[in-house]
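Please read the following note alongside the sequence and the structure. The points are numbered for reference.

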Amino acid sequence: MDENEITIGAEFACPLLSLNWLATMLDPLLEEKIRNQVRTHKVLIYMKGTPEMPQCGFSYAAVRILDSLGFPYTAINVLEDPELRQGIKEFSNWPTIPQIYIDGEFVGGCDILQEMHARNELRPLVEAAFAKAGTQS
Amino acid sequence: MLTPNRLRQLLAEKLQATYAYVEDESHRHAGHGGRQQGSGGHYRVQVVSPLFAGKTALQRHRLVYAALAEEMGQSIHALALQTYSPEEAPAAGIPHDWIA
């Protein structure tokens with residue numbers, strides 16, 4: 001590669017990089033809102049639809065598992081909030097819905113929840129979250 | 001359209017997957033934002049990769065999503081994922097001598 005090619009490449013690369021960066025930047029207010037949501041709920045699921053009426057098979061499977069644990073959880077319907085629907089993907093660095101948070105920590109999506117439940121790892125995690133003082137239910 | 005074989009190739013190239021079972025389940029999800037609406041298909045994937053050894057499920061799924069970043073939200077609408085290291089594959093009933 002000669003010197004010209006390097007220069008041209010650099011000129012084109014910079015604006016593309018910055019555009020790309022802007023496109024994936026999470027709005028600070030939205031980020032704060034999400035941070036607050038995951039911090040103030042012991043068990044939180046971002047889902048499509050509601051626990052009573054899930055709008056996607058993966059969300060349905062996830063809430064059935066949470067239901068089976070017998071602990072309260074909070075569900076947020078991302079279909080009611082397009083900004084949140086996109087924002088939560090960037091916040092968690094995870095491209096799909098549902099997303100489950102326990103005690104402020106990202107656990108994963110439906111498949112991981114199922115795996116953990118099958119290995120009896122999920123209930124202890126939720127029990128530990130509720131045993132801790134501090135955050136709300 | 002992303003074929004199961006193309007998906008398998010991507011997993012082999014980017015994750016050194018030694019086995020990748022891919023099932024196109026799009027037909028089961030017609031009418032709720034699936035391929036008909038132009039937002040990609042539903043796939044069920046079992047993948048075996050040496051890169052998964054010693055990693056949590058969360059880290060493994062992130063690796064798969066990163067490998068398929070260009071397809072996520074485009075030709076892939078949803079992905080049901082099961083990830084195994086080569087050591088875990090036999091216990092999961094996966095033929096370990098398969099090549100993707």
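1. pLDDT is the predictor's confidence in each residue, on a scale from 0 to 100. Chain B has an average pLDDT of 85, and 83% of its residues score at least 70. Where pLDDT is low, the predicted coordinates should not be read in detail.

2. The model is predicted: local features need pLDDT of at least 70 and side-chain atom pairs count only at pLDDT 80 or more, while totals for chains, interfaces and linings use all residues. Residues are numbered from 1 along each chain as its sequence is written, with chains lettered from A and ligands numbered from 1 in the order in which they are written.

3. For the complex, the predictor gives an ipTM of 0.76 and a pTM of 0.80.

4. Nine residues of chain A are in contact (C-beta atoms, placed from the backbone, within 7 Å) with twelve residues of chain B. Helix α5 (residues 110-118) of chain A gives the most to the side of chain A that touches chain B, namely three residues; helices here are DSSP runs of H or I with at least four residues, numbered from the N terminus.

5. Within chain B, helix α1 (residues 4-15) packs against α2(B) at an angle of about 110 degrees, with the axes 10 Å apart. Axes are lines fitted to C-alpha atoms over the stretch in contact, and angles run from 0 to 180 degrees between N-to-C directions. The two helices, α1(B) and α2(B), are therefore roughly perpendicular to each other (65 to 115 degrees). The contact is made by Leu10(B), Leu11(B), Lys14(B) and Leu15(B) of α1(B) and by Leu63(B), Val64(B) and Ala67(B) of α2(B).

How values were computed:
Two residues are in contact if their C-beta atoms, placed from the backbone, lie within 7 Å. Angles under 35 degrees count as roughly parallel, over 145 as roughly antiparallel, 65 to 115 as roughly perpendicular and the rest as oblique.
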